[in-house]
Amino acid sequence: MDANETKLTSILTAHVGQTGGLITGLRAAQEAIGYLPSETDAIAAEAFNLTRAEVKGVISFYEDFHREPKGKTVVRLCAAEACQAVGSRTLQRDVEKHFAVKSGETNASKDLTVEPVYCLGLCSCAPAALVGDRLVGRADVESIARAIENRRKAGA
Ligand code: FES
């Protein structure tokens with residue numbers, strides 16, 4: 001059993017018997033490891049007396065769960081209607097070009113992930129982005145780059 005498997009087993013079994021324990025356990029595991037590696041399915045299935053398919057179904061259902069490590073900074077670009085109306089598609093293309101990473105992917109140096117999101121509740125300041133945990137209204141490449149730089153300076 002490798003270090004990740006040991007950690008997964010410990011975290012997941014700690015949530016057995018709790019209401020919503022599978023979800024809570026998966027969230028805690030992802031928080032600790034950074035993602036949910038494939039071995040999660042078998043470990044969670046055994047711990048919660050489920051099939052691997054059931055665990056896989058839960059992981060794939062919730063957008064917050066991810067199977068690959070994300071970059072140190074995650075930039076979420078709103079792709080919902082209010083933001084589309086004021087140029088979010090252009091912003092996405094500009095961001096992809098400027099940071100050399102496609103939406104839905106992580107860059108080669110593993111420090112940046114760009115992904116779509118559907119409404120950040122900042123429609124009045126569209127187009128909106130979320131850089132780490134910081135909302136950016138009327139976003140453009142420059143404001144997103146500044147927010148990334150501020151995160152880096154803050155040690156995030
Ligand atoms: S539609 Fe983009 S923040 Fe609501």
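## Reading helices and burial in a predicted model

Analyst: Just past helix α7, Gly-155 has a positive phi of about 80°. Keep in mind that this is a predicted model.

User: Let me step back to the overall layout. How many helices and strands does the protein chain have?

Analyst: Seven helices and five strands. Along the sequence they run α-α-α-α-β-α-α-β-β-β-β-α. The C-alpha trace spans about 50 × 30 × 25 Å along its principal axes.

User: What share of the contacts joins residues 24 or more positions apart?

Analyst: Take the contacts with a separation of 6 or more: 59% of them are between residues 24 or more positions apart. As for burial, 41% of the 156 residues count as buried.

User: How should I read burial along a helix?

Analyst: Start with the general idea. An α-helix has 3.6 residues a turn, so residues three or four places apart point the same way. Now the case here. In α7 the buried residues are Val-141, Ser-143, Ile-144, Ala-147, Ile-148 and Arg-151.

User: What covers those buried residues of α7?

Analyst: The cover includes strands β1 (73-78), β3 (112-117), β4 (129-131) and β5 (134-136), along with helix α6 (88-99).

User: How many residues of α3 are buried?

Analyst: Seven of the 10 residues in α3 (39-48), which makes the helix mostly covered. They are Thr-40, Asp-41, Ile-43, Ala-44, Ala-45, Ala-47 and Phe-48. Their packing partners are α1 (3-13), α2 (21-33) and α4 (52-61).

User: Now a single residue. Is Ser-88 buried or exposed?

Analyst: Compare its relative accessibility with the cut-off. Buried means under 20%. Ser-88 has 5%, so it counts as buried. Ser-88 lies in helix α6.

User: Which residues does Ser-88 contact, apart from neighbours within four places in sequence?

Analyst: Cys-78, Ala-79, Cys-83 and Pro-127.

User: What about the surface and the charges of the protein chain?

Analyst: The accessible surface comes to about 9,000 Å², and carbon and sulfur atoms hold 50% of it. For charge, compare mean positions. The chain has 19 positive and 20 negative charges, and their mean positions are 6 Å apart.

How values were computed: Residues numbered from 1 in each chain as written. Predicted model: local features only at pLDDT ≥ 70, side-chain atom pairs only at ≥ 80, totals over all residues. Heavy atoms only, no water. Helix = DSSP H or I, 4+ residues; strand = E, 2+ residues; numbered from the N terminus. Buried < 20%, exposed > 50% of the residue type's maximum accessible area, 1.4 Å probe, protein only. Contact = heavy atoms within 4.5 Å. Areas by Shrake-Rupley, 256 points an atom, 1.4 Å probe, with all protein chains shown as cover. Lys, Arg positive; Asp, Glu negative; His and termini not counted. Charge placed at Lys NZ, Arg CZ, Asp CG, Glu CD.
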